[in-house]
Each structure stands twice: as C-alpha cells, then as structure tokens.
Amino acid sequence: MSEHNQQVQPQKNKPMQNERAADAPLRIGVYICRCGGNISDVVDVDRVAETVKLLPDVVTAKVHTFACSDPGQQTITNDILEQNLDRVVVASCTPFLHEQTFRGAVSRGGLNPYLYEHVNIREQASWAHKHDPEGATIKAIRMIAAAVGKLHHVEPLEQIKLPNHRRALVVGGGIAGMKAASELAGRGIKVLLVESSQRLGGQLNDRGRVYPTERDAKELVEELARRVRTHSNIEILMQSNVTAVSGFIGNFKVAIRTEAAGIPVTETTVGAIIMATGFRPYVPQDGEFLYRTEPGVVTMPEFLQLLRSTPDAARKLTWNGRVIRNIAFLHCVGSRQLDGVHEPPPNGRLNTYCSRTCCTTILQQALEVRHRFPSVGVFDFYRDIRTYGRGEENYYSAASRAGVTFFRYNGEEPPRVELTPRARAKEGVLSVTLNDTLTWGTELSVPVDMVVLGTGMMPGEIADLIEQMKLATGEDGFLQEVHPKLRPVEVSVNGILLAGTAQGPMNIQETLAAAGAAAVKAAAMFAREDVELNPYVAEVDLSRCCGEALCVTQCDYEGALQMVSMEVEGATVERAQVNAGLCVGCGACVAVCPNRAIDVNGWRLDQFEAMVDGIAAAIPGQECTPELVNIH
Amino acid sequence: MNTQINSDYVPDVLVIGGGIAGLQSALDLADQDLRVLVVERNSSIGGRMIGLSKVFPTLDCASCITTPKMSAAAHHPNIQILTNTEVQAMETRNGIHSVRLLQKPTYVNFDKCIGCRLCEYACDTEYPDPFEEGLGSVRAIAVPFTNAIPQKAVLDAEHCATCGVCARVCPTDAIEFDQQPRTLTIHTDSVIVASGFNLNAVTVKPQYNAARSSNIIPPTMMERLLAPHGPYGRVLRPSDGKIPSSVAFVQCAGSRDESIGVPYCSRVCCMYAIKQAMLLSGALPLADITIYYMDIRAFGKGYEQFFQNARAMGINFVRGKVARVDPIEDGDLRLHVETTDDAENPLQEHRHDLVVLAQGMIPAWNPAATTPVACASDGFVATPSLTDPTATSAPGIFVAGAAAGPKDIVDTIAEAGAAAMQVSRYLHEKRAAVLVGQAVHG
C-alpha cells in the first residue's frame with residue numbers, strides 16, 4: 001500500500017468538476033516535466049509542449065522543471081480549478097515513482113484521480129534514447145498523443161474498498177520479529193507470532209556479547225521475549241511454520257502447522273504479514289580454506305561457541321586438545337565474492353555483497369582474545385576494514401593498540417590457508433599466506449594454530465514461502481523491497497512487509513530499526529477501517545459471458561476469477577466472477593475471451609485502441625510523419 | 001500546510017527537523033491519524049537531501065525521491081510545518097514537553113505571499129547562493145530554491161540594501177520590514193529529534209590547503225555541480241570555469257582522525273565519492289578520476305556491487321593516505337600521497353585540476369544544552385536502550401537519522417519509520433494508562 005493513499009481521495013466539499021454535458025468537448029491539460037534536466041537534456045520539451053497543444057481537446061500544455069515538486073503540483077491543481085480541466089496528462093518519470101503523487105494533485109483540484117494519465121518520457125524516452133534527441137522528442141510526443149487518445153475513453157473510477165482485518169502475522173521469532181510484534185502490540189494491534197524453532201531470539205541466542213554496547217545478547221533476547229510473551233495482544237506459536245498463504249492485503253488466509261503431535265493445522269485470517277525470517281550464516285564449502293579438512297579451521301559461529309564455553313578463569317585457549325598460541329582471522333569468507341576468483345556456493349550464485357557485520361565482529365573477538373589470553377598472537381587478514389557504525393571504529397583502533405597484527409589482501413588474491421611443513425610444525429600447524437598490500441605486495445606466510453573464517457550472512461531458506469507469497473528476491477537472494485528509499489520495507493504484494501535480515505545483512509540496531517519501520521507501515525494500514533485498492537481489476541459483462549470459462553483457465557492468480565452459478569432467464573448457468581481483492585488486472589483473461597465479455601477497468605480494449613490510434617496518428621503541425629521505426 | 005500556528009495548537013508529536021528523517025517520521029505518524037508539527041530552522045523543508053544530485057546505489061535523482069515526500073508532508077491534513085523556526089529550549093513536566101520555539105523574521109507575511117517571485121525579479125542585490133554552495137548567486141529576497149517548500153519569498157536581512165523595491169512590486173503587500181522574532185511555546189506529548197548533520201569545515205586539515213584554492217571543494221559543492229539543475233548545468237571548476245580533466249577524491253578528509261576530534265567513520269563518504277565519480281565519468285568521459293582511500297566501506301544493500309561497477313568503469317582507486325595538497329600553477333593541485341599499491345614508488349605526487357575533500361559528519365544541533373536529551377561522547381544524541389535504538393535518554397523523546405550518528409539515506413528512512421513506530425506505541429500506551437487511571441479514580 002502506498003503511504004499517501006489518503007491523497008487519492010477527492011477532497012470533500014468541492015464540486016466534482018468532471019460532470020459535464022455529454023457532447024461538450026473535453027478540456028485536457030498536459031504537463032511536461034524537465035526532471036531538472038533528466039528529460040529536457042535530451043527531449044526538446046518546449047517543442048513537445050507546442051506540438052501536443054495541437055492534439056484534440058488539449059487546452060493547455062505546460063513545461064515544469066520538477067512537476068512532482070509542490071509548485072509543479074500546484075500548477076496542475078490550479079489549472080484544473082481555473083481552466084476547468086477535466087482530464088490531465090503528466091509526462092515525466094516512471095509511474096512507479098509518481099503516479100500517486102499526481103493523482104493527489106488531480107484530486108486536490110476536485111477531479112476524479114483516474115481521469116489522469118501518466119506518461120513515462122524519462123525511462124522510456126530521454127534515458128532510453130540519450131544519443132537520439134530527435135527520436136526521443138518524437139517518441140515523447142507520440143506517447144503523450146497515446147495518453148490523450150486514451151483520455152477520450154476514460155470514466156471516473158473509485159478505489160475498491162475491502163474490509164481490513166486488524167491483526168498482523170509476524171513470521172519469525174528472532175529479534176526483528178519480536179521487535180515488530182511488540183511494537184504493534186503496544187500500539188493496540190493484535191499479532192500472531194510464528195517461530196519455527198523451539199526458542200525465540202533466532203541467531204542471537206548463540207552470539208555472546210554484542211557490539212557496540214558489549215552487553216550480552218541474552219539480555220536483548222530476553223527483554224524482547226518477555227515483551228512478546230507477556231503482551232495480551234500477542235499470540236505465539238512455537239515450532240510452527242506457515243504452510244499456505246492466500247488472499248490479499250487486509251484479508252490474508254494463512255495455514256500454520258505446529259510440529260507437536262496432535263495439533264491440527266491452524267487456519268486464520270490476518271490483514272498484514274511481516275516477514276522476519278532472518279538469515280543463515282554462510283557455511284564454507286568442504287576444503288574452502290581447509291574448512292572441514294583441518295580441525296584448526298573454524299567458522300565465526302564455531303569460534304564464538306568456543307570462546308563462550310571456555311571458562312572465564314581459563315588461562316589458556318584450547319581447541320581440539322591443542323593449546324592455541326596464534327590465531328588468524330580471515331575477513332570476507334563467503335562475502336564480496338568475485339567472478340573468476342571465488343568458487344560459487346552450491347546454489348551457483350556468488351555472494352557478491354558485503355555482509356556488513358563481520359569486520360566488527362572479527363575485531364571484537366580479536367580484542368577479546370587479546371584481553372583474555374594476552375599471550376595469544378592475533379593476526380587479522382582483511383580486504384577493507386568496514387567498521388562503519390556508531391562506536392565501531394573504536395574496535396579497530398583498540399585492536400591496533402592491543403597488538404593485533406593486520407595484513408591486507410586484494411580481493412583478486414585471497415590468502416591461502418595451508419598445512420605448515422612438518423619442520424616448522426611447532427610454530428603452528430597451519431599457515432596463512434598472502435601478498436600483503438600493506439607491505440607493497442610482499443608475500444608473507446604466518447604460522448598459526450587456528451584459522452577463524454569471518455563467515456557472512458546468507459539468505460534464509462524460505463523458498464516455499466517465497467513461492468506461496470509470490471515474493472521477489474534480489475540478485476543477492478535476499479527478499480527484495482519495492483524501492484530502497486520510497487518503499488523500503490514493502491514488497492510488490494500489498495500488505496506484506498519486510499523486517500530485518502530477511503532483506504539483507506544488517507547489524508542489531510539496523511535490524512531493530514528495520515523491524516520498527518515495517519511495523520509502522522502495518523500500523524498506518526490498520527489505522528484505516530478499509531483497505532483501499534486500485535480499481536484496475538477485471539470486470540465481467542454478464543450480457544456477453546457465455547460461461548466457457550476460458551478466462552478462468554488462463555488466470556494465474558488463484559481465486560481471482562471463478563465460475564459461479566446464477567439464474568439467467570430462468571435457467572441456471574455458469575458465469576465468470578472476479579474477486580477484486582485478488583485480481584491484479586493483468587489482462588490474461590481479456591486475451592482469451594471469445595466474446596469480449598471481460599475487460600480490465602481503466603485499461604479496456606477500446607482504451608488501448610485509442611492509444612494505438614494516438615501513437616500512429618500524424619504528428620500535428622509536422623508535414624511528413626517520421627518513420628515509426630525511428631522510435632523503437 | 002500552515003505557516004503560522006498558535007500556542008493553543010497541541011500536536012501529538014513535535015518533529016524537530018524537516019529533512020528526510022523528520023519528513024519520513026512525520027508521514028508515518030500522520031498516516032496513523034496523529035497530529036504532527038514539524039519545525040525546520042531553514043526556509044524550506046527537504047534538508048540535506050534536496051541539495052543532492054543523484055543518490056546511491058540506484059542513481060535516482062535526489063529531487064525525484066525528496067520532493068514527493070516534501071509535498072506529501074506539506075499537503076497532509078495531519079501535518080503542520082513551521083519553517084525559519086528553531087527550538088530554543090525544552091522542558092518536561094508530568095510527561096508533557098513544553099518547547100519554546102523561535103520564529104525568525106522572514107520580512108514576508110507568509111499568509112499574503114503567493115510565491116509569484118516578482119520581488120525576487122525586482123531585487124537588485126545579490127549574494128552567493130547558499131543552496132548552490134555559493135557557486136551561483138541569489139537575490140536578497142527570494143524563494144529559497146526551485147522546489148522549495150513553502151514557495152514563499154524570504155528576505156535575507158544581512159544582504160538586503162533596504163531599497164524597498166520589493167515592497168513596491170509585491171502585488172499582495174506581503175513585505176513587512178518591521179517583522180520581529182516571535183517566540184511561542186508548544187506543549188506536546190512526544191518529540192522526535194531529527195536535526196541531522198553538518199559537515200566539518202573543508203579547512204579542518206590545514207595540510208589540505210582548502211583555504212588557498214577554490215578548486216579544493218567540499219562534496220556538497222560537487223553534488224551541486226553534478227545536479228542537472230545545478231548552478232552551471234555542467235561540471236566546471238570554481239576558480240576559472242575550466243572543464244576538469246583530472247579529478248581527485250580525498251577520502252577520510254574529515255573523519256577517522258582523532259587529531260581533529262572526529263575519530264569515527266562518517267559512513268557515507270565512500271559511497272558518495274564512488275557515486276560522484278560515476279556521474280563525473282558520465283559527464284566528463286575524458287576525465288581521469290581517482291579516489292584516494294583507506295578502506296572502501298561499501299556495506300549496504302547493493303553497495304559492494306556498486307563499488308565493483310565503478311572499478312569496472314575505469315575509476316582509479318588508490319589505497320593510501322593523502323599527506324598534503326598543494327596549490328600549484330594554473331589553479332591545479334599537487335597531491336602528495338603515500339600509497340601501498342606501488343612497491344617501487346610508495347611516495348607519489350599526482351597533479352589534479354579539481355579535488356573533492358570527503359569531510360566528516362558532525363551533529364547539526366546540540367540538544368543537550370537546552371533540552372533533557374543527552375548526547376554521547378561523539379556529540380550525537382545518545383541512544384542508551386538496547387532494544388529501542390531510537391529512544392533517547394529522556395522518556396517520550398525519540399531520535400531519527402543523522403542526529404544519532406552518521407547515516408545514509410536508506411538507513412535514515414528505516415530509522416525514521418522506527419522512531420515513528422516508537423512514538424505511536426508510546427502515545428498509545430501512555431494514553432491507555434491515563435484512561436485506566438481515570439477509570440480507577442473516577
């Protein structure tokens with residue numbers, strides 16, 4: 001859902017100006033955006049304005065530097081009121097960015113927001129045809145002509161209103177899930193929290209102290225767990241998995257299976273779903289840096305476990321029966337992988353991303369080793385030290401002061417972990433060899449007893465949920481938001497929100513903030529009685545439908561289209577029926593209907609035909625029509 | 001949006017700062033039907049972000065992301081905005097925060113001003129435009145910038161020649177030379193501090209000699225040079241308008257250095273340097289572009305891939321510390337660099353014709369001086385809670401964005417949402433407790 005939905009509602013107490021005599025000509029306003037140069041550096045926007053002014057029923061065509069800015073929007077609103085416009089075109093960037101913005105401006109002028117057409121002359125003209133200004137300009141004109149053509153065939157539409165079940169499902173009981181659940185519960189919203197394992201807290205249960213507060217992760221987990229367990233608005237299902245999801249924003253039907261014997265599958269309804277499914281630690285492949293070949297090579301989670309299980313009073317750090325005298329920490333294991341340098345993991349996809357938390361974790365652990373076991377030598381092998389967060393740089397400077405020795409390697413030349421030749425075995429069984437860029441590429445070999453692999457984060461294994469909920473994942477495999485700044489916790493399916501590391505690597509503070517950001521979107525959605533959806537859904541013309549059900553077989557969206565029995569002239573017949581909440585307006589049904597009995601509101605066939613006519617028509621004021629082939 | 005409010009207006013939330021953090025918090029609160037007052041000390045909302053060219057890692061134009069949020073806030077029925085307004089002091093009693101606001105005179109009656117800019121066109125006095133980082137000029141009375149909100153003229157008393165021409169041409173008699181500062185006190189249940197950041201001075205490291213050459217520029221100036229609607233519409237170096245052929249970015253020029261009081265990482269400089277380098281190589285295909293860095297901190301979603309793309313594009317990354325920048329002949333600069341990339345030649349000198357210094361982020365406002373909000377040793381607002389990272393030391397007062405430490409836009413927007421969530425939960429719980437209290441006593 002959009003955060004500014006309310007703007008699409010026409011303002012009350014203002015006359016709706018789109019009521020006009022049936023035969024009166026339309027009054028169309030066209031607004032062309034320079035996008036501060038993004039468009040006007042390529043497209044001759046003044047010529048576009050002059051030309052489209054000649055299109056049928058266009059009464060004004062104006063150019064603005066930033067149509068989306070307040071003065072730009074105000075121009076549109078004022079023109080509607082002062083010049084009695086009844087249709088509006090804005091030619092600017094992708095509708096994905098600003099269709100809602102301009103619908104708001106149109107509404108404030110008292111016009112139905114669907115008497116508006118958005119034309120994308122940035123991505124589709126100026127950016128696509130950067131080196132062909134003439135072609136881009138002609139294309140912009142033709143695209144606007146198409147929109148003007150369509151506007152001769154549109155009617156006011158109203159948003160679809162559906163009841164809103166004021167209850168959220170939070171999938172995952174790690175800190176992101178618990179934070180989101182407790183925030184919503186505190187706001188007075190009912191929450192169902194589902195956790196697949198036996199304990200709340202997720203990966204943090206195994207973490208020990210956390211940076212930069214150096215407090216025990218247990219404290220954080222226990223505080224959040226106490227909140228969710230004691231809040232009367234929260235119901236928790238442990239050892240449970242979401243097995244089926246259907247429905248739509250405001251009205252998702254979910255099935256949850258609990259592992260304990262004898263508990264039937266729970267089916268329930270929620271209005272929003274927060275995905276807090278977290279990450280899984282990268283597990284090196286067998287033999288990667290001798291992992292699983294040599295016992296002295298361990299991952300960061302294994303090392304954290306070793307440190308935690310070593311009593312505070314211990315004078316020596318021992319592993320596998322061997323006293324550890326020298327430790328190497330390797331950064332970027334399973335992160336920042338480069339094509340041609342690293343072996344792809346079994347899924348075939350390189351982890352090209354930075355895991356964000358490993359640098360500071362390594363420095364924190366290196367410091368702990370130096371403090372608890374001052375005789376142990378600590379060697380740190382890094383590409384870039386990324387102690388970016390608040391309080392994190394201190395770990396780097398403290399580690400330097402505490403005698404941690406740093407080596408730096410280029411990503412293209414990862415260090416090699418090898419067995420030390422027998423003759424030098426007393427210095428350490430393993431050695432780490434690299435071309436150290438801190439000493440101008442000198443090849444150095446450091447003997448150690450233990451190598452700790454700074455393993456990063458991998459996307460959680462939630463393929464079933466991704467499939468069920470039709471979620472998108474990015475190239476990195478993590479769940480993908482719609483837009484990192486405009487809609488950072490929303491996905492393309494309305495009503496589903498992302499919280500925490502399900503979306504990508506994050507540290508604890510960032511995870512908690514992301515969970516809050518997801519919760520606030522749910523809270524805003526639940527502040528409304530109804531869920532409002534775009535009216536672009538299929539509609540059946542019962543006078544033409546003959547019940548062949550071709551549309552239903554073509555429909556990709558379960559439940560969006562079905563056959564129902566009804567009485568027609570005394571006979572019981574089957575007819576297609578649309579579920580507006582589930583229909584996405586894709587139009588697959590329209591294409592197969594032999595009787596043209598189904599069409600998508602706002603994108604009807606006659607409207608498309610008008611657009612095609614608009615594109616193909618001669619350009620007004622131009623003697624010869626440029627070849628269409630130029631504008632591909 | 002209102003430009004004037006009365007003391008009897010009681011918002012549910014006061015948001016201090018109308019940058020991207022404050023606006024996002026305000027929108028997330030207002031969408032829950034809470035009444036929000038945003039106070040902004042500058043003449044327009046939009047903060048730092050509205051002055052940027054494009055933003056990493058998507059390379060969306062910054063205006064395209066910021067202006068709709070500005071506009072949405074300005075039109076939201078639950079949001080009131082006061083610009084040219086500073087917080088003077090705040091005190092908390094019985095859970096109510098009383099905030100004293102100072103509205104600075106704009107010498108323009110905002111209720112009358114229609115933003116026609118006739119005054120601006122008539123004004124004869126110009127001074128370096130702060131929005132354009134001093135590269136262009138602006139009239140002494142002007143609408144702050146193209147997409148400013150509100151679109152109201154503001155008179156800069158410091159530069160005004162008091163000729164009175166603005167008052168003569170104003171069609172609505174909006175010019176008021178006798179305006180006085182106005183204080184008003186707002187009472188509110190909760191506050192979000194979203195006061196953002198400043199950059200430390202470009203001269204903070206004397207060895208970089210920024211005071212001696214106008215071709216050693218802050219990154220914010222490079223943003224304006226790269227903005228399609230910037231002062232020149234293209235990239236020209238300040239001293240002589242030459243098209244630069246060799247641009248250097250000096251990273252950590254105001255951060256990660258205890259000697260200048262900024263030991264921490266400013267978190268955004270690596271990424272904006274890479275972004276500016278990419279945009280530059282688009283604008284100036286023949287120019288050499290070099291980034292001198294200690295560590296490339298491309299940690300966010302899609303950032304590492306962005307960095308690798310920049311390398312593939314041929315942007316030159318040199319690992320090493322720039323020791324000194326010397327102005328030389330023709331307005332050019334000589335960089336003395338100690339690099340670890342070249343064993344034969346570790347001490348290098350490089351000539352460039354434009355140098356961008358990555359200055360450090362420092363707090364824009366110190367609330368600890370006049371409000372109950374405590375700051376940490378780094379000067380940013382302290383966030384002592386383990387579970388609620390947007391809670392400050394003072395109950396009912398929360399923080400979002402760079403006011404709580406350097407942060408990029410993505411992380412700022414997430415934090416702004418989280419702060420809004422915390423406020424709405426806080427208010428809900430507080431008001432439920434009052435209702436329970438009333439039921440018990442009543």
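Predicted model: local features only at pLDDT ≥ 70, side-chain atom pairs only at ≥ 80, totals over all residues.
Residues are numbered from 1 along each chain as its sequence is written, while chains are lettered from A and ligands numbered from 1 in the order in which they are written. Local features need pLDDT of at least 70, side-chain atom pairs count only at pLDDT 80 or more, totals for chains, interfaces and linings use all residues, and side-chain values use heavy atoms, with hydrogens and water left out.

**Salt bridges**

- A:Arg604 and A:Glu155 form a salt bridge, with their closest N and O atoms 2.8 Å apart. This pair links distant parts of the chain, 449 residues apart: A:Arg604 is in the loop between strand S32 (598–600) and helix H15 (605–616) of chain A, and A:Glu155 is in the loop between helix H5 (133–151) and strand S5 (160–163) of chain A. Helices (H or I, at least four residues) and strands (E, at least two) are DSSP runs, numbered from the N terminus.
- A:Arg604 counts as buried because its relative accessibility is 18%, whereas A:Glu155 is partly exposed at 38%. Buried means under 20% relative accessible area, exposed means over 50%, and partly exposed is in between (1.4 Å probe, protein chains only).
- A:Arg372 forms a salt bridge with A:Glu368, and here the closest N and O atoms are 2.9 Å apart. The two are separated by about one helical turn because they are 4 residues apart in helix H9 (residues 358–372) of chain A. A:Arg372 is partly exposed at 21% relative accessible area, and A:Glu368 is buried at 14%.
- In chain B, the side chains of B:Lys242 and B:Asp353 meet in a salt bridge (2.8 Å, N to O). B:Lys242 lies in the loop between helix H5 (219–226) and strand S16 (246–250) of chain B, and B:Asp353 in the loop between S20 and S21 of chain B, so the pair ties together parts that are 111 residues apart in sequence. B:Lys242 is partly exposed at 31% relative accessibility, while B:Asp353 is buried at 2%.
- A network of salt bridges links residues of both chains, including A:Lys179, A:Arg226, B:Asp388 and B:Arg425.

**Chain A as a whole**

- Chain A has 15 helices and 32 strands, and buried residues make up 57% of its 632 residues.
- Its C-alpha atoms fill a box of roughly 100 × 65 × 45 Å, taken along the principal axes.
- The domain assignment (bounds come from an automatic or database assignment) gives domain 1 (5–159 + 609–631), domain 2 (167–278 + 460–531), domain 3 (284–456) and domain 4 (538–600). The centres of domain 1 and domain 3 of chain A, taken over C-alpha atoms, are 58 Å apart.

**Strands of chain A**

- Strand S11 (residues 240–248) and S12 of chain A run antiparallel, joined by 8 bridges; two strands pair if DSSP finds at least two bridges between them. A:Ala244 stands opposite A:Ala255 in S12(A).
- S11(A) and S12(A) form a hairpin with 2 residues between them, and A:Gly250 in the turn has a positive phi of about 85 degrees.
- On to the next partner: S12(A) is joined to strand S13 (residues 266–270) of chain A by 5 bridges, again antiparallel. A:Ile256 has A:Thr266 in S13(A) as its bridge partner.
- Strand S12 (residues 251–258) of chain A is largely enclosed by the rest of the structure, because 6 of its 8 residues are buried.
- An open sheet of 3 strands in chain A has the order S22-S23-S24, with antiparallel pairing. Strand S22 (416–419) and strand S24 (442–448) are its edge strands, each pairing on one side only.

**A sheet and a patch in chain B**

- In chain B, 7 strands form an open sheet with mixed pairing, in the order S15-S21-S16-S17-S18-S19-S20. Strand S15 (216–217) and strand S20 (347–352) stand at the edges with a single partner strand each, so one side of each is left without a neighbour in the sheet.
- S15(B) pairs with strand S21 (residues 354–357) of chain B in the parallel sense over 2 bridges, and B:Ile216 stands opposite B:Val355.
- B:Tyr121, in helix H3 (residues 118–122) of chain B, counts as exposed because its relative accessibility is 56%.

Notes:
Salt bridge = Lys/Arg side-chain N within 4 Å of Asp/Glu carboxyl O.
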